[in-house]
Amino acid sequence: MISDPVRLGVAGLGRGFMLTLPSLRSDPHAALVACAAPREESRTAFVAEFGGKAYATVNELAQDPNVEAVYIATPHQMHREHADAVASGGKHLLVEKPLAISMDDADAIVESAARAGLHLITGPSHSFDQPVLLAREMVASGKFGAVRMIHAFNYTDFLYRPRRPEELDTAQGGGVVFSQAVHQIDIVRLLMGVRATRVVAMTGAWDAARQTEGAYSAVIEFEGGRFASLTYSGYAHYDSDVLQDGISELGLEKVPATYGRSRKALSRLTSPADEPKLKSGRTYGATDAPSPAPHAEHFGPMIVSCDRADLRLTPKGVEIWGDFEKKFVAAPPDPAPRSPVLRALYEAVRNGRPPTQSAGWGRASLEVCHAILEAARAGRFVDLKKQ
Ligand SMILES: NC(=O)c1ccc[n+]([C@@H]2O[C@H](COP(=O)([O-])OP(=O)(O)OC[C@H]3O[C@@H](n4cnc5c(N)ncnc54)[C@H](O)[C@@H]3O)[C@@H](O)[C@H]2O)c1
């Protein structure tokens, strides 16, 4: 029983917030008490649902004395400015992935949180998914020996979901590397438990109408000769969720009738200028949040090869393929898929026990994103220096 939830403000009531909202509604570790949103429609809806204060700017939200922590769910390029404002107001931070776009901005965010003595969690990210945390415990127990290799892949229609123009421009943080690779990077770094050392990769940008990376394959080398291969296609027609028990990234049962929905909606637009409107139609106050999910979230198939077992992460738990037997361990139930990140926020703010996914952690994952892009451009390994 939680009697003292973290009093949370949220900056940005867009898609990222909408995906966290079902968990915020049902998990007891945080209570939404204020928001900052430029759109009146979103502010009105927020006050109607949660009461509290709704501000037009993050600066005002950051000064609200009732707010203890702020969830920054604004577009990537605004994270630095908003993190500065929130840290200046003395509030702890939960910053959506990626922490920033440029490494300079990431450095500045790390410094401003540290200078103010505040906790900063980079998340939600799929490294907080319950099966990932369960696999991490299994690895940490040492029972299966060292992790030697991880294979992760994900086939989605990411590039055909409605986008703001900057989400289709790599220089402004667009494309699948900044928004999607960062999840796989977070997960494999967490499960390896040792430093990543260098990266080699190729990226694909093969839709001239949406000129940013929609696909990549990358190999990350870790200390001790360990390695992870990450592949992602945001151009996919194939849906790798069929290999995840037919459960979506958000932990919902897939509905076959929704096949091709994103491409259909885009094809109906009469002008590209209408696409941001299609995206803002999916934000808070404009439509409903996704239904509460019965399963954990996931980020595509993932196999973790250890000395004495292969672990397959599923949306329900972890399959252990051992030397002599195969068994399944269910992930512990939680009120909602994003409970672990809210619990981590509570532990940081109330008990001074922050999770691994700190500001420095978010910067290290962002460095790997840049290394993927650089390695693909240069056609060589890129060394990592901020891990
Ligand atoms: N963890 C996840 O599953 C997940 C999913 C989607 C997005 N995200 C992350 O969320 C962030 C936002 O992306 P999105 O897809 O939600 O974009 P979005 O455009 O849907 O939402 C951004 C919101 O920020 C608001 N905003 C813009 N300027 C603002 C300002 N100055 N002050 C306050 N609010 C402002 C906009 O009105 C909008 O509602 C990104 O960093 C993205 O990576 C995370």
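The structure is a predicted model, in which local features need pLDDT of at least 70 and side-chain atom pairs count only at pLDDT 80 or more, while totals for chains, interfaces and linings use all residues. Residues are numbered from 1 along each chain as its sequence is written, and side-chain values use heavy atoms, with hydrogens and water left out.

An unreviewed UniProt entry gives the feature "domain: Gfo/Idh/MocA-like oxidoreductase N-terminal" at residues 7-121. UniProt positions follow the numbering used here, feature names are shortened, and annotations may be inferred rather than shown by experiment. Over residues 7-121 the chain is 44% helix and 22% strand, where helices (H or I, at least four residues) and strands (E, at least two) are DSSP runs numbered from the N terminus. The end C-alpha atoms of this span are 15 Å apart. The annotation "domain: GFO/IDH/MocA-like oxidoreductase", also from an unreviewed UniProt entry, covers residues 133-239. Residues 133-239 are 23% helix and 32% strand, and their end C-alpha atoms lie 24 Å apart.

Next comes helix H6, at residues 130-140. Its buried residues are Gln130, Pro131, Val132, Leu134, Ala135, Met138 and Val139; buried means under 20% relative accessible area, exposed over 50%, and partly exposed in between, with a 1.4 Å probe and protein chains only. These buried residues pack against strands S7 (147-155), S12 (309-313), S13 (317-322) and S14 (326-330), and against helices H7 (176-192) and H10 (339-351), with contact meaning heavy atoms within 4.5 Å. After H6 comes Gly142, which has a positive phi, near 80°.

S11 spans residues 302-306 and is mostly covered, with four of its five residues buried. S7 and S11 run antiparallel and are joined by five bridges; two strands pair if DSSP finds at least two bridges between them. Ile150 has Val304 in S11 as its bridge partner. S11 and S12 also run antiparallel, with four bridges between them, and a hairpin joins S11 to S12 through two residues. Here Ile303 has Arg312 in S12 as its bridge partner.

Two cysteines complete the picture. Cys35 counts as buried because its relative accessibility is 0%, and Cys306 counts as buried because its relative accessibility is 8%. With a disulfide taken as a pair of cysteine sulfur atoms within 2.5 Å, the count comes to zero disulfides.
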